[in-house]
Amino acid sequence: MIRLSLTAGLGLYLIAASGQVQTGGPDQPTRNEIAMSQRHASTEPGAAPSEGAAAIRPFTFHASDQALADLKRRIAATQWPEKETVADTSQGVPLATMREVARYWATDYDWRRCEARLKALPQFVTTIDGLDIHFIHVRSKHPNALPVVINHGWPGSIIEQLKIIDPLTNPTAHGGKASDAFDVVIPSMPGYGFSGKPTGTGWGPERMGRAWAELMKRLGYTRYVAQGGDWGAFVVDYMGLQAPPGLLGIHTNMPGTVPADIDKATHAGEAPPSGLSAEERRAYEHLLYTYKHIAIYQLMASRPQTLYGLADSPVGLAAYMLDHGDGDGQPAAAVVAALQRTSSATGELTRDEILDNITLYWLTNTGVSASRLYWEYKGGFFNVKGVTIPVAVSVFPGEQYQAPRTWAEKAYPKLIYYNQVGKGGHFAAWEQPQLFAQEVRAAFRSLR
Amino acid sequence: MTRAWARVAILMGGIIAMSSTSSEQAPAQTRPEGGADAIRPFRVNFPDEALADLKRRVAATRWPDKETVGDTSQGVPLATVQRLARYWTGEYDWRKCEKRLAALPQFLTKIDGLDIHFIHVRSKHENALPIIITHGWPGSVIEQLKIIEPLTNPTAHGGTAADAFHVVIPSLPGYGFSGKPTAPGWTPVTIAKAWATLMQRLGYKKYVAQGGDWGNAVSEIMALQQPPGLLGIHTNMPATVPASISKAMASNQPPTDLTADEKNAWDQLTFFYSKGLGYALEMNNRPQTLYGIADSPVGLAAWMLDHDARSQELIDRVFAGKTEGLSRDDILDNVTLYWLTNTGISSGRLYWDTAQLPARGGFFDVRGVQIPVAVSAFPDEIYCAPRSWAEKAYPKLLYYKKHDKGGHFAAWEQPTLLVSDLRAAFKSLR
């Protein structure tokens with residue numbers, strides 16, 4: 001059951017109490033009803049008026065003690081399968097990995113630390129196209145900051161972007177100049193995190209692209225840029241196609257650059273065609289590898305509702321989320337490494353952050369609703385989408401494939417920036433926040 | 001298994017099936033203990049704690065929100081799974097199923113290092129034909145319970161003494177009460193060999209094999225291996241798709257000269273390959289990642305209900321109160337067996353293991369069986385094999401019957417039809 005309550009001064013409290021049927025009875029206010037009652041509380045400077053359908057309402061998340069205790073209780077009571085019958089990860093996330101994740105999650109892990117980080121950020125909810133859209137909105141103190149809307153993906157959330165907010169909004173404290181500053185908007189995708197869960201069909205990346213344009217307009221931004229990886233890359237590509245007024249350009253860390261003939265050949269699993277450069281051939285082989293590891297997406301694309309275990313079993317949810325691959329492995333090599341990292345002075349991904357993200361999915365019960373995005377989308381993956389506005393591309397070595405400059409130039413006729421960086425992977429903003437922030441600064445310098 | 005051992009099993013939350021190695025109920029065919037090929041009697045008995053824990057977990061289910069469509073295109077609808085959960089925690093009684101199982105002679109024997117569980121019921125009729133019947137996924141020996149009595153005791157079920165079978169129903173490795181492999185390699189190829197060993201160990205010199213789903217793969221591969229004594233097979237999910245059709249399907253170009261039955265099969269197969277394969281792909285590739293089906297009874301149930309579109313719709317209707325070939329108890333007996341033996345993942349691994357075989361064809365591609373084959377074609381099967389394809393796939397097609405009702409779980413759903421087919425199919429081989 002998702003229940004909402006109000007606490008003076010702190011805006012919305014969303015309490016996810018586990019163990020009950022999550023269909024609100026008539027006595028249970030919906031998230032939307034409560035949120036609407038909060039519209040007078042909006043105090044965001046520079047935000048659109050807080051009245052009417054376009055109201056922007058402040059938002060804070062606070063999990064109930066009961067929900068957190070229930071989570072730990074469920075983890076401790078996990079019924080485990082036997083060990084995989086191989087010594088590698090070829091059958092899925094190994095039992096030993098999951099046992100160790102569960103042990104830490106049920107004992108020393110502290111969601112309240114993550115919650116405190118979230119509470120320190122200005123967050124809002126606004127209804128767009130009939131759905132509550134949650135977003136973080138941090139304005140820079142620098143007057144000419146460039147507004148950017150940043151999109152997460154699966155199995156991600158706004159948790160992926162937390163470490164880049166300060167470097168982007170406050171560049172002078174992070175090796176940048178005032179002219180590098182951004183006003184940052186980080187929405188939760190529909191069905192993800194604190195955004196509403198669609199109750200009908202149609203919320204694919206195209207519709208999200210239009211919603212983000214509406215969001216930026218509602219926030220009073222007349223010139224802005226967009227950034228994304230994973231599903232976020234699809235959303236920004238579609239925004240690029242839609243070219244809403246004010247969108248100056250996009251930055252993607254998972255670009256769709258694969259030429260049509262190559263795209264067809266990789267999907268068919270054919271040997272690399274002749275005439276590829278060494279770099280293109282490497283990308284081709286990476287794509288072949290990637291397409292051999294997409295069963296979990298094919299499952300979400302065809303039968304998301306059947307994944308009841310994602311809603312009912314914390315370990316089931318965690319394993320499914322951890323089984324997202326990157327260019328170096330499935331589960332993602334960067335995530336496997338992070339599970340061994342208890343802290344990082346340089347902002348590298350840690351075990352706590354991995355669990356922050358999974359716990360966010362658990363507390364909001366969004367495993368199935370998030371998966372539905374795969375069901376909604378019927379388009380291509382790394383294919384060329386036909387974006388003709390300015391595009392910047394950062395290529396991370398651990399991404400599913402390293403888009404060659406040759407392909408990027410053809411895919412994006414107005415390629416304003418292309419750079420291959422030395423480290424980081426699929427979860428670029430999460431894995432290498434400093435590097436990622438530098439890339440975003442460099443990417444959009446020419447558009448300011 | 002001693003009582004102390006059973007307690008440990010309970011504490012570990014693992015397999016709680018208790019088998020007795022005492023000889024008190026050992027039937028005549030049981031061999032002396034101690035040998036590598038010993039056949040030990042087996043009884044099912046789960047402790048009350050396991051059943052109480054199951055109900056507690058089902059009652060504490062945390063649900064996802066409802067699907068965003070008005071049909072089954074996103075998976076098993078929330079309403080069905082909630083009805084199932086209500087029945088599971090309410091009226092449903094596993095002990096009734098356990099009692100049915102306990103009434104059947106069951107055994108364990110070690111083959112290739114793994115304990116193989118099987119039901120073995122001998123007919124009182126002297127010239128009964130031995131038959132080994134193999135279930136599939138998401139099935140178990142529960143699927144076959146209804147056909148045991150009509151097959152072994154035909155005179156009480158509209159048949160003659162000449163229709164009698166001795167029935168052997170094993171649990172696949174990783175399924176039900178068989179052992180769980182701890183290393184890769186158990187595929188239909190090794191299982192087929194193991195079944196031949198089992199029949200030999202039981203002293204059967206002439207026998208037939210039957211199966212659907214994985215049971216079909218095992219039976220067809222037995223037919224390819226042609227172990228001494230195997231006279232023929234019967235399948236209710238035959239692999240008959242001609243190579244030319246498979247190729248046309250890969251390029252999505254339907255031939256223009258298909259008959260009505262062939263066109264129907266084409267449509268069913270293209271639907272399955274485009275929309276219905278998600279679960280199989282996941283188990284082909286990442287069975288271990290499905291921790292949620294080990295930990296969540298409802299997660300397991302939904303996963304098992306989503307096998308194929310027609311079966312799933314049938315189950316939707318059953319839980320909505322309609323009377324069909326399967327009852328709510330049938331469905332929950334099978335799911336509960338998977339839960340209590342914690343075999344959601346170990347059973348799914350059969351897909352992974354099979355996917356490692358070199359040069360495997362499609363699940364429904366012709367395998368080249370040369371021995372006699374009998375086919376029952378059910379309209380709601382993943383595809384209803386046309387007679388024209390069956391004739392080409394099996395040069396020694398003994399028998400072909402297309403039914404006007406029934407689906408993937410033939411023995412479970414339409415036991416009478418299947419029994420009548422088996423009697424007719426094998427008449428000429430006796």
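Select helix 2 (residues 48-59) and helix 3 (residues 78-89) of chain B in this predicted model. The two helices pack at an angle of about 145°, and their axes are 9 Å apart. Helix 2 of chain B passes helix 3 of chain B in a left-handed crossing. To see the contact, show the side chains of Lys55(B), Val58(B) and Ala59(B) on helix 2 of chain B, and of Ala85(B), Trp88(B) and Thr89(B) on helix 3 of chain B. By class, the residues of this contact divide into 4 nonpolar, 1 polar and 1 charged.

**Helix 5 and helix 18 of chain B**

Next, select helix 5 (residues 145-152) of chain B and helix 18 (residues 415-426) of chain B. Their axes are 10 Å apart and the packing angle is about 40°, so the two helices are oblique to each other. This crossing is right-handed. On helix 5 of chain B, pick Lys146(B), Ile147(B), Pro150(B) and Leu151(B); they meet Pro415(B), Leu418(B), Val419(B) and Leu422(B) on helix 18 of chain B. The contact has 7 nonpolar residues, no polar ones and 1 charged.

Stay with Pro415(B), in helix 18 of chain B. Draw a distance from the C-alpha of Pro415(B) to the C-alpha of Lys146(B): it is 6.2 Å, although the two residues are 269 residues apart in sequence.

**Loops of chain B**

Go to the loop between strand 4 (129-134) and helix 5 of chain B, where Pro138(B) is found. The peptide bond from Trp137(B) to Pro138(B) is cis, with omega near 0°.

Two asparagines in other loops of chain B come next. Asn252(B) lies between helix 8 (243-250) and helix 9 of chain B, and its phi is near 55°, a positive value in a residue other than glycine. Asn342(B) lies in the loop between helix 14 (328-341) and helix 15 (344-355) of chain B; its phi is also positive, near 50°. Which surroundings does each have? Asn252(B) is exposed, with 9 other C-beta atoms within 10 Å. Asn342(B) is buried, with 21 other C-beta atoms within 10 Å.

**Across to chain A**

Now show both chains. How many residues of chain A are in contact with chain B? There are 48, and they are in contact with 47 residues of chain B. On the chain A side, the elements that give two or more residues are helix 10, helix 11 (308-312), helix 12 (314-322) and helix 15 (367-376). By class, this side of chain A has 21 nonpolar, 20 polar and 7 charged residues.

Select helix 10 (residues 295-302) of chain A and helix 10 (residues 278-285) of chain B. Their axes come within 8 Å and cross at roughly 160°, so the pair is roughly antiparallel. Helix 10 of chain A passes helix 10 of chain B in a left-handed crossing. Ala295(A), Ile296(A), Gln298(A), Leu299(A) and Ser302(A) meet Gly278(B), Tyr279(B), Leu281(B), Glu282(B), Asn284(B) and Asn285(B).

Keep helix 10 of chain A selected. Its buried residues are Ala295(A), Ile296(A), Leu299(A), Met300(A) and Ser302(A). Both chains take part in covering them: the cover includes helix 12 and helix 15 of chain A, and helix 9 (260-275) and helix 10 of chain B.

**Inside chain A**

Move to helix 12 of chain A, where 9 of its 9 residues are buried. Among them are Pro314(A), Gly316(A) and Tyr320(A). Follow the chain into the loop between helix 12 and helix 13 (333-339) of chain A to reach Pro331(A). The peptide bond from Gln330(A) to Pro331(A) is cis, with omega near 0°.

Finish with the largest nonpolar core, which has 253 residues. The members that touch the most other members are Val148(A), Trp212(A), Leu215(A), Trp195(B) and Met222(B). Select Leu215(A): its contacts, not counting residues up to four places away in sequence, are Thr126(A), Ile128(A), Ile133(A), Phe135(A), Val149(A), Val185(A) and Pro187(A).

Zoom out to chain A as a whole. It has 18 helices and 11 strands, and 55% of its 448 residues count as buried.

Note on methods: Residues are numbered from 1 along each chain as its sequence is written. Chains are lettered from A and ligands numbered from 1 in the order in which they are written. This is a predicted model: local features need pLDDT of at least 70, side-chain atom pairs count only at pLDDT 80 or more; totals for chains, interfaces and linings use all residues. Axes are lines fitted to C-alpha atoms, for helices over the stretch in contact, and angles run from 0 to 180 degrees between N-to-C directions. Helices (H or I, at least four residues) and strands (E, at least two) are DSSP runs, numbered from the N terminus. Angles under 35 degrees count as roughly parallel, over 145 as roughly antiparallel, 65 to 115 as roughly perpendicular and the rest as oblique. A crossing is left-handed if the near helix is turned anticlockwise from the far one by less than a right angle, and right-handed if clockwise. Two residues are in contact if their C-beta atoms, placed from the backbone, lie within 7 Å. Ala, Val, Leu, Ile, Met, Phe, Trp, Tyr, Cys and Pro count as nonpolar, Asp, Glu, Lys and Arg as charged, and the others, Gly among them, as polar. A nonpolar core is a set of buried Ala, Val, Leu, Ile, Met, Phe, Trp, Tyr and Cys residues joined through C-beta atoms within 7 Å. A residue is buried if 20 or more other C-beta atoms lie within 10 Å of its own, exposed if 12 or fewer, and partly exposed in between; C-beta atoms are placed from the backbone.
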